[in-house]
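Reader: I'd like to learn how to read a model like this one, feature by feature. Could you walk me through it?

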Amino acid sequence: ITGRAAIISGARVDYFRDRLNDTMSDSHQVSEKKAKNPMREIKVAKMIINCCVGESGDRLTKAAKVLEQLTGQTPVFSKARYTVRTFSIRRNEKIAAHVTIRGDKALQLLESGLKVKEYELHKDNFSNSGCFGFGIDEHIDLGIKYDPSTGIYGMDFYLVLERPGKRVARRKRCQNKVGTCHQVTKEDAMKWFQQKYDGIILTK
């Protein structure tokens, strides 16, 4: 009985080992198919460049001119949500300007911004929704000529990544949810940044 039990247990081990190998090979083939699937490719949906000066008036107007000179688009002004007396900010006062860029222009400006950062981003720059952002201290690093009458402004870059099919969640007719497995995660965004721009992600 002991010999028969040993043979049966050995046969079971071999059976489950073969099943495990088959499962691993199948999962590897599935991951390869996913990588080749054009619907899984990550693309840049849009990029927002924000320049906040914290006050209205001449400085905000000059910051808007810098954004217009950089992107070739007319910037939109943002208002303060509530009053902060410490910074002399009143509610509904215009304190910032931002521009939304799409297409090749967004990729071109992203390349310029990452050059300033030397293609190094911290892991905390990436959000759980698959987006990431960073800031630069001086706009003249992007290739704009310095103008003493304008001054120097810093600005924030924020990039939105998505996969094809995201329109399903935004359209008016037949609107539906995008599946969890099709959404861009933090890990996907970090991997995309490393592969596309040979970027370095800092952990400290």
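Author: Let's start with one side chain: at 51% relative accessibility, Arg-170 counts as exposed. The cut-offs are under 20% relative accessible area for buried, over 50% for exposed, and partly exposed in between, using a 1.4 Å probe and protein chains only. Two notes on the source: this is a predicted model, where local features need pLDDT of at least 70, side-chain atom pairs count only at pLDDT 80 or more, and totals for chains, interfaces and linings use all residues. Residues are numbered from 1 along each chain as its sequence is written, and side-chain values use heavy atoms, with hydrogens and water left out.

Reader: Which side chain does Arg-170 meet in a salt bridge?

Author: The general idea is that side chains of opposite charge can pair when their charged atoms come close. To count as a salt bridge, a side-chain nitrogen of Lys or Arg must lie within 4 Å of a carboxyl oxygen of Asp or Glu. Here Arg-170 meets Glu-162 at 3.3 Å, N to O. Glu-162 is buried, with a relative accessible area of 11%.

Reader: How many salt bridges does the structure hold?

Author: Four. Another of them joins Arg-163 and Asp-188 at 3.4 Å, N to O. This pair links distant parts of the chain, 25 residues apart: Arg-163 sits in the loop between strand E6 (155-162) and helix H4 (186-197), and Asp-188 is in helix H4. Those labels are DSSP runs numbered from the N terminus, with helices (H or I) of at least four residues and strands (E) of at least two. Arg-163 is buried at 5% relative accessible area, while Asp-188 is partly exposed at 22%.

Reader: What separates Asp-58 and Lys-62 along helix H2?

Author: About one helical turn, because they are four residues apart in helix H2 (residues 58-71). Asp-58 is exposed at 52%, and Lys-62 is partly exposed at 24%.

Reader: On to the nonpolar side. Which residues touch the most other members of the largest nonpolar core?

Author: In soluble globular proteins, nonpolar side chains tend to be buried together. A nonpolar core is a set of buried Ala, Val, Leu, Ile, Met, Phe, Trp, Tyr and Cys residues joined through side-chain atoms within 4.5 Å. The largest one here has 37 residues, and Met-47, Ile-49, Met-155 and Trp-192 touch the most other members. H2 supplies the largest share of this core, six residues. As for contacts (heavy atoms within 4.5 Å), Ile-49 touches Leu-67, Val-99 and Phe-157, among others.

Reader: Last one: what volume does the largest pocket have?

Author: Rolling a probe the size of a water molecule over the atoms shows where empty space is left. On a 1 Å grid over the protein atoms alone, a pocket is an open set of points where a 1.4 Å probe fits, with protein on both sides within 12 Å along at least five of seven lines; lining residues have an atom within 4 Å of a point. The largest pocket has a volume of about 380 Å³, a volume being the space filled by probe spheres set on the points, which are joined across faces, edges and corners. Twelve residues line this pocket, and the closest to its centre are Arg-40, Ile-42, Arg-163, Lys-191 and Gln-195. H4 gives the most to the lining, with five residues.

Methods. Lists of a residue's contacts leave out its neighbours within four places in sequence.
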